[in-house]
Amino acid sequence: KAVDSPPLRIAVMAGDGIGQEVVPEGLRVLDAVSRRLGIALQFDHFDFASCTYYERHGQMLPDDWKERLGGHDALFFGAVGWPKTVPDHVSLWGSLLQFRRAFDQYVNLRPARLMPGVRSPLVKRDGSPYAAGEIDMLIVRENTEGEYSSIGGRMFAGTEREIVMQETVMSRLGVDRVLRYAFELARRRPRRHLTSATKSNGIAITMPFWDERVEAIAAEFPDVTRDQFHIDILTAHFVQRPQAFDVVVASNLFGDILSDLGPACCGTIGIAPSANLNPERKFPSLFEPVHGSAPDIAGKGIANPIAQIWSAALMLDFLGRRDGHDAILRGIETVLDPASGAPRTPDLGGKATTADVGRAVAECVGSLA
Ligand code: ATP
Ligand code: MG
């Protein structure tokens with residue numbers, strides 16, 4: 001039945017640096033899972049949203065990028081950035097932030113789960129290490145408004161009377177939709193727990209509003225338990241008892257902080273995936289690793305492809321193929337487990353290449369019962 005449905009259309013943009021090396025491994029695994037489970041996928045490759053494209057065209061994207069990407073079900077992205085030739089603010093603003101805005105990707109989602117064979121930099125109170133799966137949270141960041149507005153200005157610049165202001169903007173629609181997404185997510189997980197980040201003791205106008213909306217939306221989800229913490233103590237809790245968290249929802253700025261901290265609690269950046277979502281699927285959502293283009297190791301074939309592969313799993317889940325997601329995750333877990341003897345890249349203490357690891361995951365996925 002699944003094979004007869006029209007293919008999911010995926011726009012592939014490998015971007016810069018190790019994006020060029022890890023994206024092919026993501027596609028290799030998608031290929032394996034598509035064959036194994038009969039998931040029809042169509043890949044369209046684009047060379048823009050990269051600094052190499054910028055060097056040729058003087059811009060990150062072609063003029064008609066919205067038309068060329070807009071009809072896809074998802075964007076599968078590697079990494080952007082080559083600071084030797086294009087400043088980071090130009091490459092980032094010219095690509096990912098354009099997508100986020102035009103395609104209304106108002107949810108940034110980052111799983112932070114401790115995987116087998118990966119050591120957390122944290123230890124428990126009694127000094128013992130965390131076991132695989134003991135840390136398992138999803139960070140949901142509001143991605144389009146909040147503290148990152150460009151409303152503000154400088155007065156009396158350069159004088160002793162200088163004043164600088166920047167406004168936080170929260171709309172009821174904007175807050176409600178990301179909260180509702182987070183509650184829905186929590187409802188589908190075994191623990192059904194939602195944590196909200198706030199700072200209503202210090203930021204006395206916008207943050208109480210955020211809390212108020214959490215309270216209001218919570219009434220629609222009586223089956224989800226919840227708590228809330230001020231952002232300062234919440235970051236301490238992440239480090240001291242990360243096992244306490246399930247789904248964590250936060251405003252743009254607080255979410256930015258937590259969505260770096262969460263994956264950092266789970267070991268190497270080489271395995272952390274992320275998604276920028278338009279949950280209604282009115283526009284394509286974007287799936288990419290947390291890490292960047294890593295110019296320091298680019299071209300060596302040693303980048304860990306697992307963050308990219310896990311991002312592919314998030315993509316299938318979002319597009320309604322939970323089975324595909326689960327198959328890829330099982331493949332990743334098997335390969336990461338030291339007992340499997342599977343190849344590991346140098347960031348995980350091994351000597352394997354990017355392609356070795358990609359092939360190992362693809363083989364696992366292809367041979368699943
Ligand atoms: P961003 O551009 O996202 O702000 P960045 O360019 O500062 O990030 P990254 O590109 O993420 O940083 O790289 C940070 C460090 O992590 C580098 O030393 C890089 O080599 C390493 N790293 C990043 N991704 C991987 C990976 N997939 N495998 C192994 N090491 C990685
Ligand atoms: Mg970078």
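## A glycine in a loop

Let's start at Gly146, which lies in the loop between strand 5 and strand 6 (152-155). Helices (H or I, at least four residues) and strands (E, at least two) are DSSP runs, numbered from the N terminus. Gly146 counts as buried because it has 24 C-beta neighbours inside 10 Å. The cut-offs here are 20 or more other C-beta atoms within 10 Å of a residue's own for buried, 12 or fewer for exposed, and anything in between for partly exposed, with C-beta atoms placed from the backbone.

Leaving aside residues up to four places away in sequence, Gly146 touches Thr168, Val169, Met170, Ser251, Asn252 and Leu253. Such a contact requires C-beta atoms, placed from the backbone, within 7 Å. Val169 is 23 residues from Gly146 along the chain, yet their C-alpha atoms are separated by 4.8 Å.

## About the model

This is a predicted model, in which local features need pLDDT of at least 70 and side-chain atom pairs count only at pLDDT 80 or more, while totals for chains, interfaces and linings use all residues. Residues are numbered from 1 along each chain as its sequence is written, and chains are lettered from A and ligands numbered from 1 in the order in which they are written.

An unreviewed UniProt entry carries the annotation "domain: Isopropylmalate dehydrogenase-like" over residues 9-361. UniProt positions are given in the numbering used here, feature names are shortened, and annotations may be inferred rather than shown by experiment. Over residues 9-361 the chain is 38% helix and 19% strand, with its end C-alpha atoms 23 Å apart.

Ten strands form an open sheet with mixed pairing, in the order 2-1-3-12-11-4-5-10-8-9. Strand 2 (41-45) and strand 9 (225-230) are the edge strands, each pairing on one side only. From one strand to the next, the twist averages 20 degrees. Strands count as paired if DSSP finds at least two bridges between them. As a reminder, strands of a sheet pair through backbone hydrogen bonds, either parallel or antiparallel.

Strand 5 (residues 136-142) and strand 10 (residues 247-250) give a parallel example, pairing over four bridges. Within this pair, Ile139 stands opposite Val248. Helix 9 (residues 252-264) packs on the sheet and touches strand 4 (107-113), strand 5, strand 8 (193-198) and strand 10. The direction of helix 9 makes about 155 degrees with that of strand 5; axes are lines fitted to C-alpha atoms, for helices over the stretch in contact, and angles run from 0 to 180 degrees between N-to-C directions.

Asn108 is found in strand 4. Asn108 is buried because 23 other C-beta atoms lie within 10 Å. Beyond four places in sequence, Asn108 touches Arg141, Asn143, Gly255, Ser259, Ser274 and Asn276. Asn108 and Gly255 are 147 residues apart along the chain, while 8.5 Å separates their C-alpha atoms.

## Strand 12 and its partners

What is the sense of pairing between strand 12 and strand 3? Strand 3 (residues 74-79) runs parallel to strand 12, joined by three bridges, and Ala74 stands opposite Ser285. Strand 11 (residues 273-277) runs antiparallel to strand 12 with four bridges, and there Ser274 faces Glu288.

Strand 12 is mostly covered, with five of its five residues buried. In a regular strand the side chains alternate between the two faces of the sheet. Here Ser285, Phe287 and Pro289 point one way, and Leu286 and Glu288 the other way.

Pro289 lies in strand 12 (residues 285-289). Pro289 is buried because it has 29 C-beta neighbours inside 10 Å. Not counting residues up to four places away, its contacts are Val22, Ala79, Ala272, Pro273, Ser274, Ala307, Gln308 and Ser311. The C-alpha atoms of Pro289 and Gly270 are 8.1 Å apart, across 19 residues of chain.

## Two positive phi angles

Ala294 is not a glycine, yet has a positive phi of about 45 degrees. Ala294 lies in the loop between strand 12 and helix 10 (306-318). Is Ala294 buried or exposed? With 23 other C-beta atoms within 10 Å, Ala294 is buried.

Phe156, also not a glycine, has a positive phi of about 55 degrees. Phe156 is found in the loop between strand 6 and strand 7 (163-166), and with 10 C-beta neighbours inside 10 Å, Phe156 counts as exposed.

Note on methods: Contact = placed C-beta atoms within 7 Å.
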